[in-house]
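Dear colleague,

Please find below the structure I promised to pass on to you. My notes on its contents follow directly after it.

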Amino acid sequence: MKFPAPRGPVSSALLGVLSGRPEDAAEDLDLLHRLAAAQLAKTTDIIGDDDLQLALFCLYELHYSGLGGVTDEWEWEPDLLRVRRLLEKPFEAALRSAAHEAVAGLEFQPADNPTSDQVADVLFTLASADTGPSVSRYVARKASLDQLKEFLIHKSIYQLKEADPHTWAIPRLAGRPKAALVEIQADEYGGGRPERMHSALFARSMRGLGLDDRYGAYIDTVPAISLAAVNLMSMCGLNRRLRGAITGHLAIYEMTSSQPNRFYANGFRRHGFGTDVTHYFDEHVEADAVHEQIAGRDLAGGLVEAEPALLDDVLFGAAAAMAVDARMSVHLLATWDSGRTSLRASVPAAA
């Protein structure tokens, strides 16, 4: 991914450190840790903090495709992992608080040792309780061409590497949930055909609207909430202790995806776009209708049957995903209804 522009003291210090080599950065790493601690003490909203979310995003990106010009030696540098852990703790705490609010008032009492069907029922109950503002209906009925472009740009931060954060969970599972996750991911990666990978289909949608389809091309353009949505996945996927959370995240993701993607596709068709743009969304209407059952029952449900203590984390991952998505929806609709851009800057021209 391209090297991003800093958004504050922490991301500026981090990007400065990453421009060098680990063996030369002892003093700079110590300063980075102090700056991160100071910023955490000042921020009142880590989920919406541009500086901290960009820093966390870049730290996670070292475990994916890396950052342009940054040596791979940084990936497992202990002092850098210490900074990441410093940022993760309050981020996770904020997400758990948001997840708790998302399920407050819902009446479901899973059994002490729930079956996979009972776990799926709880997740479907959670999914059906989403009564927040609907971006998909807005896209279908009202979104302008510029708003459609903004919508794709926000989604591109994850969709151009779709499935990767959840794939981290494969070696952390066994038996039925592992087989279920592999089945879902095989579809996400195109069943062995690179042109059918969902990330490739999304890139084609971006090209259809004249957007830059390179991964991370719009990293400087999206706000903190777009980064936080991906950071949630990366945190849960990269930490084995959160394997329950990443399965819950994927399950709710699949359970709440099919109908919105139908609306998204209709929104693009309303503007005259053909299958080169809508294929990505049409594909998810069908695929996720199947995946939701596998993810709910065999993946999340199978994991809880095998490890009942992980039920709370499964619910946390699902509720946190919904809470962040709801916050993103509020941001998009509030800015669009007021005639403003939802991005940090106007859409740059495609390369």
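By the rule applied here, the count comes to 24 salt bridges. Please bear in mind that this is a predicted model.

One of these salt bridges links Glu73 to Arg21, with the closest N and O atoms 2.5 Å apart. Glu73 sits in the loop between helix H3 (50-61) and helix H4 (78-103), and Arg21 in the loop between helix H1 (9-18) and helix H2 (26-42), so the pair ties together parts that are 52 residues apart in sequence. Glu73 is partly exposed at 45% relative accessibility, and Arg21 is partly exposed at 35%.

Another salt bridge joins Arg96 and Asp313 (3.0 Å, N to O). Arg96 belongs to helix H4 and Asp313 to helix H15, so this pair ties together parts that are 217 residues apart in sequence. Asp313 is buried, its relative accessible area being 15%, whereas Arg96 counts as partly exposed at 32%. Through shared partners, salt bridges join Glu92, Arg96, Arg241 and Asp313 into one network.

Within helix H2, Arg34 and Asp30 are four residues apart, about one helical turn, and their side chains form a salt bridge of 2.3 Å, N to O.

Leaving aside residues up to four places away in sequence, Phe268 touches several residues, among them Leu148, Phe151, Leu209 and Phe281.

With kind regards

Key. Residues are numbered from 1 along each chain as its sequence is written. This is a predicted model: local features need pLDDT of at least 70, side-chain atom pairs count only at pLDDT 80 or more; totals for chains, interfaces and linings use all residues. Side-chain values use heavy atoms; hydrogens and water are left out. Contact means heavy atoms within 4.5 Å. A salt bridge is a side-chain nitrogen of Lys or Arg within 4 Å of a carboxyl oxygen of Asp or Glu. Helices (H or I, at least four residues) and strands (E, at least two) are DSSP runs, numbered from the N terminus. Buried means under 20% relative accessible area, exposed over 50%, partly exposed in between (1.4 Å probe, protein chains only).
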